[in-house]
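Thanks for passing this one along. Here are a few notes to go through with the structure open.

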Amino acid sequence: MPVCGEQPSRRVDRAVSRGLTYLAKQQRPDGSWLPLWFGNQDYPDDENPIYGTCKVLCAYRDLKLLESSQAQHAAQWLLQHQNADGGWGGGPSVGWSAAELGKSSVEETALSTEIIAEFADREKFSVSMKCGARWLVSAVRGGFHAVPSPIGLYFAKLWYYEDVYPLIFTVSALSRVAQQLNKGHSA
């Protein structure tokens, strides 16, 4: 409830502070976060820590808090969960059979690549970002960026395909990668 006479910016600052406190308490010991809604039917318990972790890291990015211990721990977790094919997430229910793409998903690879790009000033993150970008470019060339992977309300076992997610997430990720690569050339 807003305090009478309190300035809107102060209320926003208090809400952000409470939100960050909540996120710190919800971060799992391994560094990941679970999303409230979206699951991955190929993960244990249908959870989707990649999606949750990426979305929280985007908030930390927007708040300029990527140097916080929570964000650093989460970024390391993402780095450790990159698949051998260069992407993230996915599994048997991914809807394509391109051997060169493995079983990573466009959505999770795009979200992960976008946020890993924020840490690309460090060598291991730069390599990871480039591998993720290569995976996405291969997916685009193969037309797989337009093939949604199943996502859903894991608690209800309700799985669906959202056509726009792979497109939007891919454009956002490759844009962020291009910004990072251009930063390196202008230095």
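Leaving aside its neighbours within four places in sequence, which residues is Ser 32 in contact with?

1. Start with that one, bearing in mind that this is a predicted model. Beyond its neighbours within four places in sequence, Ser 32 is in contact with Gln 27, Pro 49, Thr 53 and Trp 77.

2. As for where to look, Ser 32 sits in the loop that runs between helix 1 (8-26) and strand 1.

3. Now for the cavities. The count comes to 1 cavity of 30 Å³ or more, and the volume of the largest cavity is about 150 Å³. Its lining takes in 20 residues, and those closest to the centre are Asn 48, Ser 105, Glu 108, Pro 150 and Ile 151.

4. Which elements give two or more residues to that lining? They are strand 1 (38-39), helix 4 (106-116), strand 2 (150-153) and helix 6 (164-186). Helix 4 supplies the largest share, with 3 residues.

5. One of the residues closest to the centre is Glu 108, which counts as charged.

How values were computed:
Residues are numbered from 1 along each chain as its sequence is written. This is a predicted model: local features need pLDDT of at least 70, side-chain atom pairs count only at pLDDT 80 or more; totals for chains, interfaces and linings use all residues. Side-chain values use heavy atoms; hydrogens and water are left out. On a 1 Å grid over the protein atoms alone, a cavity is a set of points where a 1.4 Å probe fits but cannot get out, and a pocket is an open set with protein on both sides within 12 Å along at least five of seven lines; lining residues have an atom within 4 Å of a point. Grid points are joined across faces, edges and corners, and a volume is the space filled by probe spheres set on the points. Helices (H or I, at least four residues) and strands (E, at least two) are DSSP runs, numbered from the N terminus. Contact means heavy atoms within 4.5 Å.
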